[in-house]
Amino acid sequence: MRTIEHWINGERVGGDRLAPVYDPATGERQAQVVLADGTGVDLAVAAAAKAFGDWSQSSLTQRARIMFKFRELLERHEDELARIITSEHGKVLDDARGEVVRGREVVEFACGIGQLLKGEFSDQVSGGVDAYSFRQPLGVCAGITPFNFPVMVPLWMHPIAIATGNTFVLKPSERVPGASALIAELYAEAGLPPGVFNVVNGDKAAVDALLEHPDVAAVSFVGSTPVASHIHERASAFGKRVQALGGAKNHAVVLPDADLDFAADQITAAAYGSAGQRCMAISAVVAVGDAGDGLVDRLAERARRIRVGPGDRADSEMGPVITDEARERIRSYVARGAADGAVLLVDGRDLGGPGFFVGPCLLDGVTREMDVYRDEIFGPVLVVLRAGSLDEAIALVNANPYGNGTAVFTRGGEAARRFQREVTVGMIGVNVPIPVPMAFHSFGGWKSSLFGDTHVHGPEGVRFYTRAKAVTTRWPQSRETASLSFPTAN
Ligand code: NAD
């Protein structure tokens, strides 16, 4: 059976502890992945720490040129990367290509590193004195990523960390390790020196070793909220800079003046695309006033029409979920929702066949006390709640502990403006159901969807992977008298 190994210091490295990698469309094992323990992590961090010496001294032009080459290689290998994603994650090929493109956009942003790292200079802050500030890399940075975007989420991190002069150790999800192995080879082909980008595969043991390692300066994490909170606490306790993005429950608020056909199309795509396994998936609809029944009819009709099948089949619109356990968890949530009094309008629980398939599910009459609303289900389950007014809808969104993304559907600018100003959520769409920011903005949620201060990629990513230095200079022409008083400008 094919074995997916680590990538350390420009070479593949094996190990004894192994875990299966499944094809969710067939339910069969397709490969095995090596799981690192502390020793594997030590090797990768040592390689990254050694490479930091030269890499942090490389010129901005050299780093930018490697990013340009890496970007070309990502484009050339787009189909290959998408096929690996589909075979390990299950999402349909077109969706997988979309994530490769969105990830590549971060590399395009990182190609402008010369512009992004320009410092600030103040001439003559005092007589004969100038002041300037600039930013320097941190050292070895680690990235720990989830299963649902095997290429895009790691690409939110490493291009910016590397372009800013850091070295990087990626610990991808052990369920989808194949794409990171190819990414490592593409970096090497682009001319990135050995040790600058490393991949250690593994589970909690590898993560804990990274969090405790004295030579890891910063940790970027994306995954579920309980793990994000643990990572934030643990990495902070070990003195590291940390950003930890967590889970979500994203609401689409539909106002009575919205175009209901448009809203239903958009929400259906955002709820069931990638089998609902996106952190920006819409998982709760808040139908305001008269929007309710007309919207629910349209959602049900569209959900029933979705073609579920293997991700590499041209006519599939939605693939399987990631594991058998995930399918069971999703089924049990739907059963619990119905038992709690919700109306199960579309029931995709029993699709049959091999593979980890579960079809679209739609529940109406859901209330905020039900588990099906309170918990992140992370599957193709959409719940509908009703609200009497925009105020009530905003209060509902804000009472939810998550604050990743949300969307409002309306024809009214005044309501849209109020919504975007008043919701306690990090990313907001107005008639846009999945408002994932472009690479030159930053991505991040609020509340239990992000622990730490900075969002990922864009300007905040550059800040996260660098720290500031402020320099004050004087080139005295003559001997000036020094005073014991605190210096002020003259
Ligand atoms: P997960 O939290 O189970 O795993 C994420 C990473 O943490 C993996 O690399 C995994 O190996 C590691 N991990 C798992 N359990 C651990 C533990 N106890 N201690 C240390 N490390 C551990 O998440 P997942 O199931 O892979 O991904 C789905 C979750 O990710 C969802 O909650 C989704 O909302 C979230 N997500 C969030 C965003 C965002 O931007 N906020 C983006 C994508 C996914």
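Let's start with a term: a residue counts as buried when its relative accessible area is under 20%, as exposed when it is over 50%, and as partly exposed in between, using a 1.4 Å probe and protein chains only. By that scale R474 is partly exposed, because its relative accessible area is 49%.

A word on what you are looking at. This is a predicted model, in which local features need pLDDT of at least 70 and side-chain atom pairs count only at pLDDT 80 or more, while totals for chains, interfaces and linings use all residues. Residues are numbered from 1 along each chain as its sequence is written, and side-chain values use heavy atoms, with hydrogens and water left out.

Back to R474, which has its place in strand β23 (residues 466-474). What does R474 touch once its neighbours within four places in sequence are left aside? The partners are G128, V129 and E480, where contact means heavy atoms within 4.5 Å. V129 is also the bridge partner of R474.

That bridge belongs to a pairing of strand β7 (residues 129-137) with β23: nine bridges join them, and they run antiparallel. Two strands are said to pair if DSSP finds at least two bridges between them. Step back and you'll find an open sheet of three strands, in the order β6-β7-β23, with antiparallel pairing. Its edge strands are β6 (120-126) and β23, each pairing on one side only. From one strand to the next, the twist averages 25°.

For another pair of strands, look at V254. R474 and V254 are 220 residues apart in sequence and 61 Å apart in space, C-alpha to C-alpha. Strand β13 covers residues 250-254, and five bridges join β13 to β14 in a parallel run. In this pairing, A252 stands opposite V285 of β14. Strand β14 (residues 282-288) is mostly covered, with seven of its seven residues buried.

Now for the helices. Take helix α3 (residues 78-89) and helix α7 (residues 178-189): their axes come within 8 Å and cross at roughly 160°. The axes are lines fitted to C-alpha atoms, for helices over the stretch in contact, and the angles run from 0 to 180 degrees between N-to-C directions. So α3 and α7 are roughly antiparallel to each other. As for the cut-offs, angles under 35 degrees count as roughly parallel, over 145 as roughly antiparallel, 65 to 115 as roughly perpendicular and the rest as oblique. The crossing of α3 and α7 is right-handed. A crossing gets that name if the near helix is turned clockwise from the far one by less than a right angle, and left-handed if anticlockwise. On the α3 side the contact is made by E80, L81, I84 and E88, and on the α7 side by G178, A179, L182 and I183. Sorted by class, the contact of α3 with α7 has five nonpolar, one polar and two charged residues. Here Ala, Val, Leu, Ile, Met, Phe, Trp, Tyr, Cys and Pro count as nonpolar, Asp, Glu, Lys and Arg as charged, and the others, Gly among them, as polar.

Staying in α7, you'll find S180. Is S180 buried or exposed? S180 is buried, because its relative accessible area is 3%. Its contacts, leaving aside neighbours within four places in sequence, are P150, L170, P172 and V199. S180 and I84 are 96 residues apart in sequence, yet 9.9 Å apart in space, C-alpha to C-alpha.

H158, in helix α6 (residues 152-163), is buried too, with a relative accessible area of 1%. Not counting residues up to four places away in sequence, H158 touches F70, F168, L170, I183, Y187 and F197.

The axes of α2 (residues 60-76) and α4 (residues 93-110) come within 9 Å and cross at roughly 160°, and α2 passes α4 in a left-handed crossing.

Notes. Helix = DSSP H or I, 4+ residues; strand = E, 2+ residues; numbered from the N terminus.
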